[in-house]
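Here are a few friendly notes to read alongside the model. Please keep the 3D view open as you go.

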Amino acid sequence: MTRHLSPFWLNRLLGIPSSTPLTPRLMASTLRVAFCPLQEESPRLDHFITALRESFVECGVTIVEEAAGEGRDSRVEAGTALIAPGRFEDHQLPISRVSTLYNNLIVGVYDEPPPVHGGQTPQERLDAVVGKLAWEMVHLLIYVTENSWTVCSMNGGITTFDTPLPESRDVLESLIPKLTAQVVPPRDGELELRTGALDTSAPEFLEFAADFVECGRIWAGNERFMNHTSRESLDYRNGFCRKIVSRYLDERNGMSYGFFARQLPVKVAPAIEADDLGGTSVGDALVPVTIAGKQLLVPVPGVRILTTRSGCRKTAIDPRHDLVEIGLDNGHAWLVTPAGLPEGLVSKPSFDTLTIIAHAIGNAMIASILLALAPGNRFPGLLARFGCGMTHWHYYLDEEMIPDGYVVHGFDNPPVSCSTPQSAAYSLLGKLDALERALEGGTDYLGDVHIEPGHGTNVVGTRSLAKMAMFLNADSCVCSQREG
């Protein structure tokens with residue numbers, strides 16, 4: 001998976017630890033799992049949990065026993081996923097058995113059908129899943145019936161397996177990635193915060209902001225663009241659970257799904273074939289990339305991106321309040337918020353911030369490579385003049401909806417969630433793979449469509465957000481839901 005770019009450079013460019021597992025087998029080898037005792041009389045759950053434990057062992061997962069005792073000494077160690085079968089009383093919720101809010105993923109397992117059905121809209125299905133997550137205080141839901149089991153995630157992903165008991169291959173390829181890479185918002189210190197420094201009256205800002213507003217207006221008519229689940233719309237067992245959800249979301253007012261982003265124009269220099277450098281020392285200024293049979297050294301400039309703030313309604317954007325600027329320069333990431341925000345409005349970065357930055361870095365690298373290997377390609381010039389549009393939503397394109405010049409990748413990636421380092425790594429590595437296929441096939445590369453199994457789709461390229469929205473909604477967005 002890292003044949004184009006080494007783990008060392010993933011770390012240097014995006015801060016992704018070199019030890020981050022990117023394949024299901026490596027994920028399994030790093031995963032630790034503990035099991036809560038079954039809380040109710042349910043032979044079906046008992047058989048399911050026994051088979052699940054056996055599948056974990058077969059996949060190479062480490063099974064740990066819950067610590068005996070009471071209080072903090074009995075809590076599951078940080079970094080361990082907790083499988084919690086059955087219903088729990090308020091005072092026994094599994095959230096009280098873990099050491100951390102972000103580094104102990106909890107999986108609720110229930111002897112009943114999932115809370116979704118064919119008559120619901122996509123937003124209603126999402127709200128039903130998120131409502132259960134908040135009520136049960138878990139990060140992942142598994143529903144077990146006589147003939148199947150279904151995994152529901154915070155992304156709104158719903159994956160059903162038509163077997164009464166879990167099979168090792170399904171556990172390895174679908175469940176383990178979800179347990180390894182937990183949804184975590186950007187934390188304090190990961191981005192330099194420049195509060196109130198975004199000038200929303202600047203001509204450059206206003207030009208791009210109009211694109212966001214028009215894009216949102218077009219998507220508003222498409223029920224498959226799941227938009228927003230308010231934190232206050234959820235039911236909670238008690239005030240403590242309400243506070244935990246608020247803390248987990250870093251005080252965001254809800255969960256908004258998908259993002260719009262515009263990479264601001266950036267001009268790049270051509271990549272250099274390694275043989276051309278002789279004995280020149282390149283230091284950190286050039287990134288070694290292997291692509292299309294060439295050894296290249298690629299200069300990577302700083303990147304800037306305007307994007308929607310976390311929690312806003314993407315289909316009714318107020319550019320004065322709902323846009324932020326993020327960027328990366330020499331490995332240093334930052335966030336700029338608008339001046340004059342209304343009191344009480346929280347301007348937070350998207351859960352997908354690292355993925356957005358990865359796409360922007362990848363675009364700059366691709367432009368540099370094209371200048372060296374395919375100087376007639378239009379992408380570098382368009383990136384320098386107009387930047388790139390990025391559209392992400394939690395559905396998938398049908399084949400006929402792929403724009404000309406956009407290369408599809410990601411079908412076979414593990415189904416990880418947003419905000420994970422794996423998601424960002426797959427974005428950058430997949431773009432390089434898409435570029436290589438375009439070069440080999442003689443395609444005039446204009447962008448990429450990144451499929452994230454069990455999560456959604458990123459469409460990134462030279463069209464503006466509004467033009468891409470018009471294209472994707474030409475037939476009321478001929479989209480289809482497909483789970484990984």
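1. The lining of the largest pocket is made of 21 nonpolar, 18 polar and 5 charged residues. Here Ala, Val, Leu, Ile, Met, Phe, Trp, Tyr, Cys and Pro count as nonpolar, Asp, Glu, Lys and Arg as charged, and the others, Gly among them, as polar. A pocket is an open set of points on a 1 Å grid over the protein atoms alone, where a 1.4 Å probe fits, with protein on both sides within 12 Å along at least five of seven lines; lining residues have an atom within 4 Å of a point.

2. Do keep in mind that this is a predicted model, in which local features need pLDDT of at least 70, side-chain atom pairs count only at pLDDT 80 or more, and totals for chains, interfaces and linings use all residues. Residues are numbered from 1 along each chain as its sequence is written, and side-chain values use heavy atoms, leaving out hydrogens and water.

3. Which helix gives the most to the lining of the largest pocket? Helix 1 does, with 4 residues. Helices (H or I, at least four residues) and strands (E, at least two) are DSSP runs, numbered from the N terminus.

4. Now for the sheet: 9 strands form an open sheet with mixed pairing, in the order 8-17-16-15-11-18-22-21-20. Its edge strands, strand 8 (192–198) and strand 20 (406–409), each pair on one side only. Two strands pair if DSSP finds at least two bridges between them.

5. Within the sheet, strand 15 (residues 303–308) pairs with strand 16 (residues 323–329) in the antiparallel sense over 6 bridges. Ile305 stands opposite Ile326 in strand 16.
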